[in-house]
Amino acid sequence: MSTSVDPRRGLELTGPDSDPADLPPPPTVGLAGWRLLAVRMLVIAAVLASWQFASGRWIDPFFVGSPTAIGARLWEWVSTGYIFSHLLITLQEAALGFLAGASAGIIVGYLLGRYVPLAKILDPIVSALNALPRLALAPLFVVWFGIDIEMKMVLGGVIVFFLVFYNTAHGVRDVDQELQDVVRVLGANQRHLVWKVIVPSALPSIYVGLRMALPYSLVGAVVGEIVAANRGLGWLISYSAGQFDTNGVFASLVILMIVAVALNAVLGMTQRRALKWRPALVGG
């Protein structure tokens, strides 16, 4: 049986004349995944039932609301279409902030990861900027950009940038130097080295940063709306709190959680597609 070695994985692969019986069996989905899902649903149901039981009996519903009242508020907002305009503007702000911050983070992370002298020069500056509490910049961004969508996009982009930047730089620096030398000896030019070795090797770290940064793009948009806005989920949270409408606040938070989970699932699908050449991780 002939064999070959994939330098990205360091794993022995079967050659074209290998016996299919020698191949590892494809991963199968057993009952463990369904059991885990069932346990999760039971935990959520138990929490909601306990919350519903305690509200009005042990805890004043003014402070904690109740699952049934929150569900009724959600249904009211969805059935009347009231929530969709607020949801769309928040998604637009978060998407623009995520794209801008992630793009800048990947580019700057690659440059500082590849060029060590440049990284040494800029490291104190980047570290000082990273130490700033990004959410505290919101009032300053209001002065610079006003209360329109640009302010929320910039706030979310700044939060996303550092998460993606550090992970990208780490991934680029960790590319196996011996592998790069071997590829050069085989005749690869700089473009081949970047797109065939460095980028694929750094992709796992880049996706870690993207997965971490995605919910924070929503945080940036919502905080910006709370600070200065007249629409969006952040404004809706602030408005509901100002009306002492606890159920409205919780309903807005539930929508944010659903959106964050859905966006994370979409990003996870793109990650699995981009990294399909990697061996599957247990439980991944």
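A salt bridge is a side-chain nitrogen of Lys or Arg sitting within 4 Å of a carboxyl oxygen of Asp or Glu. Keep that in mind as we walk through this predicted model, where local features need pLDDT of at least 70, side-chain atom pairs count only at pLDDT 80 or more, and totals for chains, interfaces and linings use all residues. Residues are numbered from 1 along each chain as its sequence is written, and side-chain values use heavy atoms, with hydrogens and water left out.

The protein averages 82, and 87% of the residues score at least 70. Among the elements, helix α4 (residues 82–114) has the highest mean, 93, while strand β2 (residues 11–14) has the lowest, 37. (Helices, H or I with at least four residues, and strands, E with at least two, are DSSP runs numbered from the N terminus.) Over residues 1–24 pLDDT stays under 50, and the model has 27 contacts for them beyond four places in sequence; a contact means heavy atoms within 4.5 Å.

Now for the salt bridges: the structure holds two. In one, the side chains of arginine 73 and aspartate 245 meet at 2.3 Å, N to O. Arginine 73 lies in helix α3 and aspartate 245 in the loop between α10 (233–242) and α11 (246–274), so this pair ties together parts that are 172 residues apart in sequence. Arginine 73 also meets glutamate 76, with 3.6 Å from N to O. These two are three residues apart in helix α3 (residues 67–80), which puts about one helical turn between them. Glutamate 76 is partly exposed at 43% relative accessible area; buried means under 20%, exposed over 50%, and partly exposed in between (1.4 Å probe, protein chains only). Through shared partners, Arg73, Glu76 and Asp245 form one network.

So what does asparagine 247 touch, leaving aside its neighbours within four places in sequence? Its contacts are Gly65, Ser66, Ala69, Ile70 and Arg73. Asparagine 247 is found in helix α11 and counts as buried, at 17% relative accessibility.

That brings us to the two helices themselves. α3 and α11 pack at an angle of about 70°, with their axes 9 Å apart. That makes α3 roughly perpendicular to α11 (angles under 35 degrees count as roughly parallel, over 145 as roughly antiparallel, 65 to 115 as roughly perpendicular and the rest as oblique). Axes here are lines fitted to C-alpha atoms, for helices over the stretch in contact, and angles run from 0 to 180 degrees between N-to-C directions. Among the residues making the contact are Leu74 and Trp77 of α3 and Phe250 and Val254 of α11.

Conventions. pLDDT is the predictor's confidence in each residue, from 0 to 100.
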